[in-house]
Amino acid sequence: MTLILGIETSCDETAAAVLVDGRRLLSNIVASQIDLHRQYGGVFPEVASRQHVLTIRPVIEQALREAQVDWDDLTAVAVTYGPGLAGSLLVGMNLAKGIALARGLPLIGVNHLEGHIYSNWLDPVRPGEPPYEGPRLSEADFPILVLVVSGGHTELLLMRGHGQYERLGGTLDDAAGEAFDKVARLLGLPYPGGPAIQKAAERGDAERFPLPRALLNAPDHPFDFSFSGLKTAVLRLVRELGDPVPVADVAASFQAAVVDVLVSKTIHAAEVTRARHVCVCGGVAANRALREELTRRMPLPYSIPPIWLCTDNAAMIACAGYYRFLAGEKADWDLDVEASARLA
Ligand code: KG4
Ligand code: ZN
């Protein structure tokens, strides 16, 4: 039996999870700092790292307690080394090193984006629920076309095997989640913008305002994205419309533009690369309109994590760490955080 403790502190969630044999969760604790950062309209880095310092120990202890696992039962410790906020990453990294050193456990460094990708390999059942018996990803599904859509990243990658990534393209400016957050602010909606826009859009007409789909048919950039022009278009639209802004219709039209580009490019990339399977992951994968559009249009078999595994968590870090552990990887004690770490 392999028991991995995962630790994640790259941004504004302090998270720890215990995973058995790579796929089944025994615990998954996420302490969100959203309430703390809302007053600033975004993540305040200094406040985030200080909050991680306060929360990380109780969160890890709770993860072990809920998993009914003792320190000595653990096989390895997996921790996010980047990308993310350096001061936040350091808190998780130093605690992971302390635990690994004190208990003689291997330390495994995990790239946060790889963590998001592996959220698709986890059994999609919460700790304590009956064992999962549905379909699972396997090595037979490689090559897998991956779309990572989060607050900091929008990337299309081809995954040829565990830990093997080829970058096809990504955003040239804002990430998809960042666009949601910025447009939300512009519409007077609270942080984080993704869920707020989704909610506002429920009552809106997505076809009322035709907004730009940047690079949709750009031969030079088939797998790249650009969302800053869309943000500017929304800003211009809001100014033209004047008071009161039809928030629901603008939110729905914006969301439809983002979703259309994401889904179209992902399908195109999967077809060009002859991928056998598609994985979508990252915070924006929680978006209902995106999930519905994928169901409607995706011609290939695809996976998307349950909503509670889309946003930042340590379960996905433990899962990616498990596959690195299986491959015989082990970090040195001088493993450092890397704020702009790349996957490929
Ligand atoms: O993966 P994540 O939790 O953190 C990063 O690694 O960045 O992603 C956070 C991002 C935020 O920009 C947030 O607005 C967005 O994911 N997000 C959503 C939804 N839930 C979270 N975007 C659209 N619709 C949602 N339901
Ligand atoms: Zn993330």
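The bend at a residue is the angle between two axes, one fitted to the seven residues ending there and the other to the seven starting there. Keep that in mind as we walk through this predicted model, where local features need pLDDT of at least 70, side-chain atom pairs count only at pLDDT 80 or more, and totals for chains, interfaces and linings use all residues. Residues are numbered from 1 along each chain as its sequence is written, chains are lettered from A and ligands numbered from 1 in the order in which they are written, and side-chain values use heavy atoms, leaving out hydrogens and water.

Where does α2 bend? Look at Thr55: the helix bends there by about 40°, and the proline Pro58 follows within four residues.

Thr55 is also one of the buried residues of α2, along with others including Val47, His52, Ile56, Val59 and Leu64. Buried means under 20% relative accessible area, exposed means over 50%, and partly exposed is in between, using a 1.4 Å probe and protein chains only. The buried residues of α2 pack against β1 (3-8), β2 (13-20), β3 (24-32), α1 (34-38) and α3 (86-103). Just after α2 comes Gln68, with a positive phi of about 55°.

Most residues other than glycine have a negative phi, and most peptide bonds are trans. Asp21, in the loop between β2 and β3, has a positive phi near 50°, and Asp21 counts as partly exposed because its relative accessibility is 40%. Leu215 sits in the loop between α6 and α7, and its phi is positive too, about 60°. Which peptide bonds are cis? One joins Phe142 and Pro143, with omega about -5°, and Pro143 lies in the loop between α4 (112-118) and β6 (144-149). Another joins Tyr191 and Pro192, again with omega about -5°; find Pro192 in the loop between α5 (176-186) and α6 (193-201).

Next, some helix pairs. The axes of α7 (residues 228-241) and α8 (residues 247-273) come within 11 Å and cross at roughly 160°. That makes α7 roughly antiparallel to α8. Here, axes are lines fitted to C-alpha atoms, for helices over the stretch in contact, and angles run from 0 to 180 degrees between N-to-C directions. Angles under 35 degrees count as roughly parallel, over 145 as roughly antiparallel, 65 to 115 as roughly perpendicular, and the rest as oblique. Contact means heavy atoms within 4.5 Å, and among the residues making it between this pair are Leu230 and Val234 of α7 and Phe254 and Ala257 of α8.

On to α8 and α9 (residues 288-297): their axes come within 10 Å and cross at roughly 40°, so the two are oblique to each other. Among the residues that meet here are Val259 and Leu262 in α8, and Leu290 and Leu294 in α9.

Finally, find Val247 in α8. Leaving aside residues up to four places away in sequence, Val247 touches Leu187, Leu189 and Ala200. Val247 and Ala200 are 47 residues apart in sequence but 7.0 Å apart in space, C-alpha to C-alpha.
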